[in-house]
Structure formats: structure tokens, C-alpha cells
Amino acid sequence: MRFTVFGATGGIGREVVRQALDAGHDVTAVVRDPAGLGVTGDRLEVVRADLADPESLRRAVAGRDAVLSGLGARSRKDAGVAARLTRTVVSALEAEGVRRLLVVSAAPVGPEPVADGFLDRTVRGLVSAALKDVYADLRAMEAELARSATDWTVVRPPRLQDKPVTGRYRTVVGGFPPKGRFIGRADVAHAMLAMTENAGTVKQGVGVAY
């Protein structure tokens, strides 16, 4: 398959690129600074583009089977970038007639697990309050996707860890795994790649956790 990856220098995006290449796919990594990617391969094309300009992104997404994005705020001061940059990516996809799009959001943006206890609800409330601007940005991003013509999937992980890929995690379409408190960035990337051809995840939020 042919993939384009946005946010390719981030922890999840870089793993998407690496795992897709290892699986034999053709990958276009869209970056602002190619030196920050740290991944090479014969099937890899690195494109430097202005993420604020949908016209500059059209060549990078044209003819792709799926586009995967790890774009988002890395701190509260960056709140707003997820919705803004995803809007640009969506515009480029719609202009080129590319439909499949998978993006990273966050667990607190989706529905609460019905079986969670007091501790999990309390921690989720504290985290949501501390990062309310970031989560508001992600909700705005998800709303942009819902209005788009793309076949989108929103992947909602909990607290992220730097761990090797295991391929062993739980997913819940339209919900979130009970007591799912952590997941490695590499396994989020693994889940996203697995969902590219999963019709059951189209126009859905998917909770993913250990």
C-alpha cells in the first residue's frame, strides 16, 4: 500500500513510518525538518511542506491508499494546532479525492468506559482539567473530521509510553477499554496501521490501551 504520514517526526508518527516500511509499504513522510525523522528506507519519500498550505500538501497525498496523522499539540502552549493543521490536511485530501484518513486524538476526548472505578474517573478528571485547552483542540479536530468527506478514524490512546511494539493491546470501537491507563507509542502506530483496511473503524473513534 501507499501511505502518507503527517507528524512523522513525532513519537507515534515516526513509529508509523518505521513499521509501515518494515511491512513493505511505500511511505511518504511529510516533515518540516527532514533531519528530525531518523528513519531511512528504499520505499521512503521525505517531503518538506508548509503544513499551513493545503496546496503544498496535495502532491504528498495524491494517489495514496491512506493518510495517517500524528499531528497535535505537544504542550498546552501549542493548543489549537491539531484542529488547524488537520483542517489543512483534510482540504488537501478532499482536493485529491483521497478518502482514508486516520488521526491520533486522546482517551479523555471520547466516552468514559462504563466499568471504570472511582480512581480511574478521578484521575481522568484531573488530567482533563490540567489539559483542557489541549483536549478542546482535539475535540475541535474531531468535529472537523466529522464534517469532512473523508473516511476518517480517530484513535484515542491514554497516557503514552516509549516502549517497543508488542501488538498486544485492546481496542474498542466507539468506546474505550476499561482500566486502560497506558499504551506505548509504537503500539498506537501498530493499531493505526492495522485499522487502515478495517471498514468497521471508518467514521468511528477507537479507544486503544493495554
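# A walk through the model

Start by selecting Thr 153, which sits in strand β6, residues 151-156. Strands here are DSSP runs of E at least two residues long, helices are runs of H or I at least four long, and both are numbered from the N terminus. Is Thr 153 buried or exposed? It counts as buried, because its relative accessibility is 0%. (Buried means under 20% relative accessible area, exposed means over 50%, and partly exposed is in between, using a 1.4 Å probe and protein chains only.)

Before going on, a word on what you're looking at: this is a predicted model, where local features need pLDDT of at least 70 and side-chain atom pairs count only at pLDDT 80 or more, while totals for chains, interfaces and linings use all residues. Residues are numbered from 1 along each chain as its sequence is written, and side-chain values use heavy atoms, with hydrogens and water left out.

**Around Thr 153**

Keep Thr 153 selected and show what it touches. Leaving aside residues up to four places away in sequence, its contacts include Arg 100, Leu 101, Leu 102 and Val 103, as well as Met 195 and Val 206. (A contact means heavy atoms within 4.5 Å.)

**Zoom out**

Now show the whole chain as a cartoon. Of the 210 residues, 48% count as buried. Take the contacts between residues at least 6 apart in sequence: 69% of them join residues at least 24 apart.

**The cores**

Next, select Phe 6, Leu 57, Val 67, Val 89, Leu 101 and Leu 138. These have the most contacts inside the largest nonpolar core, which has 30 residues. (A nonpolar core is a set of buried Ala, Val, Leu, Ile, Met, Phe, Trp, Tyr and Cys residues joined through side-chain atoms within 4.5 Å.) In soluble globular proteins, nonpolar side chains tend to be buried together.

Which elements give two or more residues to this core? Colour α2 (54-61), α3 (81-96), β5 (100-104), α5 (132-147) and β6 to see them. Helix α3 gives the most, with 8 residues.

Val 89 touches Phe 6, Leu 57, Val 67, Leu 71 and Leu 101, not counting residues up to four places away in sequence. There is also a second, separate core of 29 residues, and Val 17, Ala 29, Val 31 and Val 155 are among them.

**Two helix pairs**

Two packed helices are described by the angle between their axes and the distance between the axes. Show α3 and α5 together: their axes come within 7 Å and cross at roughly 20°. (Axes are lines fitted to C-alpha atoms, for helices over the stretch in contact, and angles run from 0 to 180 degrees between N-to-C directions.) So α3 and α5 are roughly parallel to each other. (Under 35 degrees counts as roughly parallel, over 145 as roughly antiparallel, 65 to 115 as roughly perpendicular, and the rest as oblique.)

To see where they meet, select Val 81, Ala 82, Ala 83, Thr 86, Arg 87 and Val 90 in α3, then Asp 137, Leu 138, Ala 140, Met 141, Glu 144 and Leu 145 in α5. This contact divides into 8 nonpolar, 1 polar and 3 charged residues. (Ala, Val, Leu, Ile, Met, Phe, Trp, Tyr, Cys and Pro count as nonpolar, Asp, Glu, Lys and Arg as charged, and the others, Gly among them, as polar.)

From α1, the contact includes Ile 12 and Val 16; from α6, it includes Val 188 and Leu 193. By class, this contact has 8 nonpolar, 3 polar and 2 charged residues.

**Last stops**

Go back to α3 and pick Ser 91, which is found in that helix. Ser 91 counts as partly exposed, because its relative accessibility is 32%. From Ser 91 to Leu 57 is 34 residues in sequence and 9.1 Å in space, C-alpha to C-alpha.

Then jump to Lys 179, in the loop between β8 (170-173) and β9 (182-184). Lys 179 has a positive phi of about 55° although it is not a glycine.

Finish at Lys 203, in the loop between α6 and β10 (204-209). The phi of Lys 203 is near 60°, also a positive value in a residue other than glycine. At 39% relative accessibility, Lys 203 counts as partly exposed.
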